[in-house]
Each structure stands twice: as structure tokens, then as C-alpha cells.
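Subject: Structure handover and notes

Hello,

Here is the structure for your files. My notes follow below it.

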Amino acid sequence: MPVKRPPSKRPRAQPLQQRDPCTWYAQQVVRGKIVAGSHVRAACARHLDDVKHAKDRGLVWRIEQTHRVYAFFAGLRFGDGEHDGAPFFLEPSQCFIVGSLFGWYRADGYRRFRTAYIEIGKGNGKTPLAAGIGLYCMLADDEPGAEVYSAAVSRDQAGICFRDAKRFCESTPALLKRLIIGETNLANPRVGSYMRPVSSEGRSADGKRVHCALIDEVHEHPSATIVDKMRAGTKGRRNALIVEITNSGHDRNSVCYQHHEYSVQVLRAKPGERYHDNSWFAYICTLDACKRHARDGHYQPVEGCEHCDDWMRDPATWIKANPLLGVSIHPQYLEEQVREARGMPSKQNIVARLNFCTWTESVAAWISRDAWDAVQVDPDLDSLEGRQCYIGLDLSKKTDLTALALFFPDDAGGGDLWVEQYTPGDTLREREDRDRVPYSKWVKAGLLTAVPGKSIDYGYIAKRLAWLHEHFEITALPFDRWKIDDLRRELDEEGIDLPLVEFGQGFRDMGPAVDALEALILNGRIRIHRNPVLTWNASSAVLMQDPAENRKFAKHKATGRIDGIVAATQAVGCAMRPPEQEDTSSVYETRGIVELEI
């Protein structure tokens, strides 16, 4: 008879989700079990690779330290809202962020990550998470005299994160007994640690010995002042930590975009490469470009591509920007935001930035994507040969595009719009990297013309105008005075005489023209011959307004190029401009009879 063995007394191994929630989350994301954007997938792949090669890279992964910080958060109690009184149990994405920051160490025993850049959709609990991190650094990070600061541009903004920390303290009995809680100060007198709000207003951010800085809404910072001051304050702290939390923004010259771009490079860098930075942690939520556009260097969805993630049409993509969807942010709220964005073009960009982590080209969109797409037709210039047309012309500097826009009015009060654009060929790659658009691909596809040289040769434009003069009935060529004398000389060289009409880019001329083009699009009375370069221009356009409510496009506010839209507006505006009436009234009717004394 077989001998019955006594049951094993060896304890059953805990599943990875309990033993190491940070690594478990990374595995689930990389395997596609948890839906996440490309940057989060890159951060998770980086973590798993570092765990595998930690010793060779001089790193130490301390699982027990992650559980210590998880337990600290679980001991906090929310102090308001629907979670009032509930413990702060970290969600899987939050376990990954917090675990990474406090579980990774260098071989010399000091903290690995010194800077954390966290970009995530509005309503996903990033401010309470930052407040909890600040309290941990103040109370449980083994740093005597820890100075923790909630930092922002304004006192009000800095106070938001601080107030969350204060509510935690007031709602958690253990902290309420231990701390001195003031209006603008949380203090632990036993070890001399404290947490305070600071801002760039006045000199409140100067002279600090920072152990932890929580920098809120970095996309709203007009300069790097507060970031630089907090960073400078960490010089005397070996375990200092700076945590930047933000939504996506629109200003690509800002410190936020610089840190966003640096974070993207860090996440994709291999050991030994230029951007490999062991001290920089990044967690960037984003929607994704399709595989084809990702190969071209696009990490965000490309306007007009049906294969890229589209937050306006596909709710399945929302979780990539909102990892706490269904927890701290409700689907109904996002449905409302999307519905309003569809109906109000001016709201589209702010919804894209705040709720779906998309860096836009401007604060507010000029025209809705649905309205723009509805008037697109397949490009066919040959079908328009011989028709009357107005040619708008926007001449470029070295870095801009030169645009020719042909508007062919029809008998129904609408018309066809054809726009072609030119760019200096010798600096194509350089500007492609800077503007982050596929100029080379557009040139190869015949959608954009690369003119030899470092700036546009107006002789090339004159030759193109001569060809158009032969094939179409050019009624008027509206122009802005800038550089027109150079073009006139080239036109004289070609021996052509075009009906040039002065058309300025100020409010007087552009105001009615913007209204006319906008009305044609919104009423579906224009057929725009499809070109992704022009679509990019349209998505980059932002308007400015004078006191009389006249509008014009503001190039200085749009990082993306809008030259094609400016030229199109000139062409349509000139075509729709009311004819000037000849004054046939008698001078006596307007002035009256003047009596002369002799």
C-alpha cells in the first residue's frame, strides 16, 4: 500500500500581486493585461529590465521598502468628498509610481530616483498622491529636519496640494496627535520636520534646504523659476526627491514641455545611450499614434488618421490617459466632456489636454475636427482647370512654410479650395526634429514641395505662379506687403502681370475673411481638397480678437505652422469681399453749397 505523506508545512508562496505590486503592475502592462499608453508601457518595460539587471547596473530593488510606503498610505484617511474617512489604498498604477520612487536604491544605499515627472489626466488623483508622498518624506523617510514643500506658480495653486496633506493629517488620528497643524505649516516637532506651501510670488521659494518638493501643475508655469529654485535647494540633501505633477499643456517652449520631452527620451534610452538617466523617473499617460505613424517618430495621435487613438470617437482609449477611470474619475464625466467638445470647438483643445493627455498646438481650437473633416474631398486640381480663381499668398521666412491657396468660387456661394505649400529643402531634417512633424514623408508623398536652399527662392514661386496663370483665370492675388517687392521682381523676370491686390494680415482685412472662411466650412459650402499639411495648419490655428471683436490668426501663439490657413483665408476673403461702389453722388449733396465772398 502506498504510504500517505503528511501534508507539507511549507507556507504557500504569495502571488506576485501581493509580494511585489509594483513589478506585478509592470508585468501586466507589458503583457497587455492592463491597457496603457506607449510611455507607460516604456516605463514598465524599463522597470522589469532594471529588476533583471539590477546588480550589473549598480541598483538595488527593495521590495520590503515598497511595502513600508504602501502601509503608510493605507494608514492615511481622506478628509472630504465621497471617500471621506476612507483609507488611502493605492491603486495598481499608484503602487507602480510610489513603489518605484521608494523601492529603488543605488548600491551606495541612497535613493535612486531624484526627480519624478508624472503627467496624467485631470481627476486621476495625482494631487492627493503627491500630498501622501510629501507626508511620507516628512514623517517616515528617515530624514531628520526634513523640509517638504508644496510648490507652484501661485500661492493658491501651491495651497491645493498642501490642503490635501492637511486634510489627511486632520482625518488620521495617529497624525493628529503627532503633528502641529497650522494654516500654512505641518510640523513634526520631535524631529524638526515640516511641510509648507511656497510659490514664485515674492521670495518664499528662496533659501530652502529641500528634502522633498511637490511641484504642482507644471504646465501652468510661465518659466522654470520655481523648478530651478526647488532643485537648487536639494544640493545639501543626499536623498532629496522632486515630484512634478501635471496635465498636458500647449506651450512647447515651457519648462513642462522640456521635461515632458526629456522624460520620453529617458524612457526609451538604453544603458550607455545619451538620455539614459538612472535618477529620473517618468510616468506619462498618453493616447497612441498608430504603428505606421509611431515608426515615423509620432508618439501622439496624428490628426486625421483613422488608425490612431481618437478620444472623440473611441471610449476604449480613455483609460490610457485615465488609469483611475471608474475609481476617482467616472466615465459619465468624460462622456460629458467629449459631448461638449464636439459641440463647442473652442473647448476641444482644453479637453484634449486636461482629460486625454494630448499636447495641443494652442489653447483653443479654431474649428472643430468634425466640421473640418466634413468638407474634405479627394484632391483633384485638374478638374478645376480654366475656372476663375483667387490666389492667396503667404510668403515665408526661413523657418516658415510658403503657401499658395487657390479658391475657386462657384455659383452657389461656395467654392473649391486648393492649397500647396513650400519649404526650404536644405534644413528639412533639422526643422522636422524641431517641429515634430513628418516633413520628409510629406515631401516624398508629393504633399509638400521642398525647394533647394536654406530659404525659399521666390523665383521658384514666380515660376509656379506663371504656370497657374496659364491654366486658370486668376481674378486677384491678394498679398501682404512683407517681401512682396522681392516677388514682384521675380514676376517681372518671368514676364507675367498678375492682378495683385493688397490684403493685410491685420484685423481690418483678416477679420471679415476669417468670418467668411469659417462660415463656408461650418455651412458645408466649401470643398477643401484634402492635404494633411493643411489639416495640420488648421489644428495649429488659434485666433486673437480686438476690442471690436474682429478676429485674426495669431502666428506667435501657435507653435505649429499655420501658413496654409492664412493664405486660404486671404484667398476666400478677397473672393467674398463686397465690390467697392463708385461714388456718383454730387458734391453738393454731401457738402452743401458754399457761399464765397467776393
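How far does helix 10 (residues 255–268) reach from its first C-alpha to its last? The span of helix 10 is 20 Å over 14 residues, close to the 20 Å expected at 1.5 Å a residue, where the expected span is 1.5 Å times one less than the number of residues. Helices (H or I, at least four residues) and strands (E, at least two) are DSSP runs, numbered from the N terminus.

Please keep in mind that this is a predicted model, in which local features need pLDDT of at least 70 and side-chain atom pairs count only at pLDDT 80 or more, while totals for chains, interfaces and linings use all residues. Residues are numbered from 1 along each chain as its sequence is written, and side-chain values use heavy atoms, with hydrogens and water left out.

Overall

The protein has 598 residues, of which 52% count as buried. Buried means under 20% relative accessible area, exposed over 50%, and partly exposed in between (1.4 Å probe, protein chains only). Its secondary structure comes to 23 helices and 20 strands, and the C-alpha trace spans about 120 × 85 × 45 Å along the principal axes. Of the contacts (heavy atoms within 4.5 Å) with a separation of 6 or more, 70% are between residues 24 or more positions apart.

Helix 10

Helix 10 is mostly covered, with 10 of its 14 residues buried. Among them are Val-255, Tyr-257, His-259, His-260 and Glu-261.

Two strands are taken to pair if DSSP finds at least two bridges between them. Within this sheet, strand 8 (residues 212–216) and strand 9 run parallel and are joined by five bridges; Cys-212 has Leu-241 in strand 9 as its bridge partner.

Strand 16 (residues 473–479) has five of its seven residues buried. Strand 16 pairs in the parallel sense with strand 12 (residues 388–394) over three bridges, and Gln-388 is bridged to Glu-473 of strand 16. Strand 16 also pairs in the parallel sense with strand 17 (residues 500–502), again over three bridges. There, the bridge partner of Pro-478 is Val-501 in strand 17.

Second largest pocket

The second largest pocket has a volume of about 680 Å³. Of its 29 lining residues, Phe-78, Gly-123, Gly-125, Pro-128 and Ser-328 are the closest to its centre. For the method: on a 1 Å grid over the protein atoms alone, a pocket is an open set of points where a 1.4 Å probe fits, with protein on both sides within 12 Å along at least five of seven lines, and lining residues have an atom within 4 Å of a point. Grid points are joined across faces, edges and corners, and the volume is the space filled by probe spheres set on the points.

Helix 6 (126–139) and helix 7 (155–171) each supply at least two residues of the lining, and helix 7 gives the largest share, four residues. By class, the lining holds 12 nonpolar, nine polar and eight charged residues. Here Ala, Val, Leu, Ile, Met, Phe, Trp, Tyr, Cys and Pro count as nonpolar, Asp, Glu, Lys and Arg as charged, and the others, Gly among them, as polar.

Individual residues

Asp-142 has a positive phi of about 55° although it is not a glycine. Asp-142 is in the loop between helix 6 and strand 4 (147–152) and counts as exposed because its relative accessibility is 64%.

Cys-357 has a positive phi of about 50° and is not a glycine either. Cys-357 lies in the loop between helix 14 (345–356) and helix 15 (369–374), and at 1% relative accessibility Cys-357 counts as buried.

His-293, in helix 11 (residues 291–295), is buried with a relative accessible area of 7%. Leaving out residues up to four places away in sequence, His-293 touches His-298, Val-302, Cys-305, Cys-308 and Lys-441.

Regards
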